[in-house]
Every structure is written in structure tokens, then in C-alpha cells.
Amino acid sequence: MFKLPSAYFTGVRTKYLDNEKCIVSVKHRWINQNPFKSLFWAVQGMAAELTTGALIIKKIKETDKDIAMLLVKNDASYSKKATGRITFECTEGKLIDGIIKKAIESREGQLIALNVIGRNSDNIEVSKFSFTWSIKVRA
């Protein structure tokens, strides 16, 4: 809540996090809607980004190394009106393991693109995101 207050106030919540995946959900409500009565694109983006960021943070903490992370790019596409509860899932934890290992061994910054799918309660895709993160061991 203190690190991401706007995500908290708009209803974004982490539902599951392990070494492989992170699941975040948000319910369409008045406070997070757009003029078309669906989930505002920025709220979808916050929820989707959190799935990737939480996975990276978890993995960095497990290394006991001083590693910086920075979001450097994102892409999004929206395919259906987002109403009801929308669930965002990133399942690329193994990719993160590899890139962190490479960053530690090379002592050079590494880029990783992580993909997220947003689905409604009927399991229909409503949006897709790709977030490119820079990961670098601090000197």
C-alpha cells in the first residue's frame, strides 16, 4: 500500500506469487473506470506491471545481491471491454532466473521482456502487455 498507493486505492491486489508466476487481480468499479464504463487502461497497466515487477523483486531478494531494476519499455493491446474482475498473470519466472544469473556473472546490465495476459472472469482475454526491464548488479 505504501509503495504503490494508486494501485491500492484502485483495487489492484496480488493474489498469488511463487517462483514461476504472479497473479494480480482488480475488479472494475467506479473509482477505476473510464468514460466507457470499463476498466481504465492505466489501472490495467498497473496490475499487469505488478505481476512482472513482483516476480523480479522476489527473485532479486533471493540472490542477496545488490541488483537494480528499471522498467524501460512497455507495450499493450486491448481486445475486449474489461468489466467485472480482471486477472493478470505472468508465468515467466524461469526466464527471470536466467537473466539475473547472466547479470550477476557478466556484471553487465541485461534486458528482459516479460509478457502478461489479462482475462475476465469467463477466462476471455481482454488485454496483453509486454514489459521490458533492465536488470543490473550495482557496483
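**Exercise 1.** Which residue just after H2 takes a positive phi, and of about how many degrees?

*Solution.* Some background comes first. This is a predicted model, in which local features need pLDDT of at least 70 and side-chain atom pairs count only at pLDDT 80 or more, while totals for chains, interfaces and linings use all residues. Residues are numbered from 1 along each chain as its sequence is written, and side-chain values use heavy atoms, with hydrogens and water left out.

Step 1: find the helix. Helices (H or I, at least four residues) and strands (E, at least two) are DSSP runs, numbered from the N terminus. H2 covers residues 41-63.

Step 2: look just past its end. Aspartate 64 has a positive phi of about 60 degrees.

Step 3: H2, with 23 residues, reaches 34 Å from its first C-alpha to its last, close to the 33 Å expected at 1.5 Å a residue. The expected span is 1.5 Å times one less than the number of residues.

**Exercise 2.** Work out the strand order of the sheet and find its edges.

*Solution.* Step 1: apply the pairing rule, by which two strands pair if DSSP finds at least two bridges between them.

Step 1: read off the order. Six strands make an open sheet, E1-E2-E4-E5-E6-E3, with antiparallel pairing. At the edges are E1 (13-17) and E3 (67-78), each pairing on one side only. From one strand to the next, the twist averages 25 degrees.

Step 2: follow the pairs.
- E1 and E2 share four bridges, and four residues lie between them in a hairpin. Arginine 13 has serine 25 of E2 as its bridge partner.
- E2 (22-27) and E4 (85-90) pair over six bridges, with lysine 27 partnered by arginine 85.
- E5 and E6 are joined by ten bridges, and arginine 119 stands opposite glutamate 125. Their hairpin has five residues between the strands, and asparagine 123 takes a positive phi near 65 degrees there.
- E3 and E6 are joined by eleven bridges, and leucine 70 stands opposite serine 134.

**Exercise 3.** How do H2 and H3 pack, and which residues make the contact?

*Solution.* Step 1: recall the description. Two packed helices are described by the angle between their axes and the distance between the axes. Axes are lines fitted to C-alpha atoms, for helices over the stretch in contact, and angles run from 0 to 180 degrees between N-to-C directions.

Step 1: apply it. H2 and H3 pack at an angle of about 45 degrees, with axes 10 Å apart. The two helices are therefore oblique to each other; angles under 35 degrees count as roughly parallel, over 145 as roughly antiparallel, 65 to 115 as roughly perpendicular and the rest as oblique.

Step 2: list the contact, meaning heavy atoms within 4.5 Å. H2 supplies Leu55, Ile56, Lys59, Ile60 and Thr63, and H3 supplies Gly93, Ile96, Asp97, Ile100 and Ile104.
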